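Colleague: Please take me through this model, starting with the terms that the discussion requires.

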Amino acid sequence: MSQGPEAASWRAADTARPNPVIAEEPTIKPLFVRGPSPLLRMIVAVILSLGLIIADHHYDHLGAVRSTLTLAAYPLHYVVDLPAHMVRDTQGRLTSAAELRARNAALHRENLTLKARLQQFEALEAENMRLRDLLGSSFNVGERVLIAEIMSLEIAPYRQQVMINKGSRSGLFVGQPVLDANAVMGQVIQTNAFTSTVLLITDAEHTLPVEINRNGLRSVAAGTGLSQQLQLLHIPKNADVRVGDLLVTSGMGERFPPGYPVARIKTVRHDPDNPFTTVIAEPTAALDRSREVLLVWTMDPALQQRAITETQPEETAPRP
Amino acid sequence: MSESRPRGSWLIGLSLLTAFCLTILPMPVEFEALRPQWVALVVVFWSLHTPERAGVFSAFGAGLALDVVSGTLLGQHALTLSLLAYLVVELHQRIRIFPMWQQTLFVWVLLLAERLLTLWVLGATGQPMPGLSYWLPTFLGLILWPWLSALLGDLGRRAGTL
């Protein structure tokens, strides 16, 4: 660096002369800093970063590099997540016996209710399949589910993204649907061995093919960047859309399995400047409150069997 | 540079690591918009006081690491931080003899430049645009700079980095 001499000398001036004998002392700054000038370094750095930005954004060439680098950052992510993890752990240990009994009873009741509903559901599914067989359009939803936990990290400011504590070692893949207990949350956009990044459906760059559960009207739900808002695109002025309608995935994008709840319509407005109806929906999933997420594999039974035997995940729960 | 390795370089690394942790530490939603630009502040400090060691390329490396840690576009922070470090390294003789209030204002301008450059990258890559609260962290940086400067200065003198 060219500015070195004066800079270092006025700091070192009162302690020592530039004498070769004393210059061995560690307290003295080097007087002449060698190497290219800051301007040259800056130009190189700027060209490098612009190249990286373009490569990362336009060409997606850095997928493998990124996942390797994120893997290197895993210790840091783990350490930052640790306090929140320990607080939850401590809370779990400090729960009183009465509270645990109450929660156990509540879960037991919920389990009974769900089981009762499941009996009906199985009969309905069988009936549905028979009817679809008659129409010649039967499909089989072989699905496998893995539970992962959201890490307490703030990544990608101004974006709706979260990091979860399962990665490609558990068989996760890019494009995989992510659900919570209530509804669709998003999809995996990047994986490494131990962690994955999930793009939530409310991110401004995420769109999701949906249909209205009541009448099957298809649309696309686009994220707005706000955590509680989705917008339906291209709904004609005369479409049958009502406040309170449930939106479910239509399966058109071939990424999300069909029939999962997504959002509930909150506002239907006819803006004079908009050639379409403005429809705002609120996600059913607790996007900013969920701790645990479900990862779904949708595939035909043969593939599913192979995947299960290949990548034995830690926690699997077969779906009916 | 390589023959006489200066002392206390570990402090630079440690302060950067702490800044990374503070950047991704979860905070309540209300304070989310107020998170200071920790890494930018630390990079400015070290390129101001040890320009012969923590210059443009170190800032570039720190920016790349921040991009990886916080999951932003690769090169986004590397670009802004290396430009920041360049400005500081070029002007460090003048800034160091400024009175503290003047230095703080200069650092504030640097933080604003960092935000502006990031905004430009976000716009050029078609990412969603943040709202007005995007500029709030610079004011927090304005308040934090004298304290951070004193703290890192003290630690640096003890560790022999300065």
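Modeller: A salt bridge is a side-chain nitrogen of Lys or Arg within 4 Å of a carboxyl oxygen of Asp or Glu. This is a predicted model, in which local features need pLDDT of at least 70 and side-chain atom pairs pLDDT 80 or more, while totals for chains, interfaces and linings use all residues. Residues are numbered from 1 along each chain as written, chains are lettered from A and ligands numbered from 1 in written order, and side-chain values use heavy atoms, without hydrogens and water.

Colleague: How many residues apart are Glu149(A) and Arg88(A)?

Modeller: The side chains of Glu149(A) and Arg88(A) form a salt bridge, with N to O at 2.8 Å. Glu149(A) belongs to strand 1 (residues 142-149) and Arg88(A) to helix 4 of chain A; helices (H or I, at least four residues) and strands (E, at least two) are DSSP runs numbered from the N terminus. The pair thus links distant parts of the chain, and its separation is 61 residues.

Colleague: How many salt bridges does the rule find across the interface of chain A and chain B?

Modeller: Over all chains, the structure holds twelve salt bridges. Across the interface of chain A and chain B, the number found is zero.

Colleague: What area do chain A and chain B bury between them?

Modeller: Buried area is the accessible area (1.4 Å probe) that two parts lose on being put together, summed over both. Leu76(A), Glu154(A) and Tyr158(A) supply 16% of what chain A buries against chain B, more than any other three residues. Carbon and sulfur atoms account for 70% of the total, which is about 4200 Å².

Colleague: Which element gives the largest share of the side of chain A that touches chain B?

Modeller: The contact (heavy atoms within 4.5 Å) takes 44 residues from chain A and 52 residues from chain B. Elements giving two or more residues to the side of chain A are helix 1 (4-12), helix 2 (38-59), helix 3 (63-72) and helix 4 (74-94). The largest share, 14 residues, comes from helix 2 of chain A.
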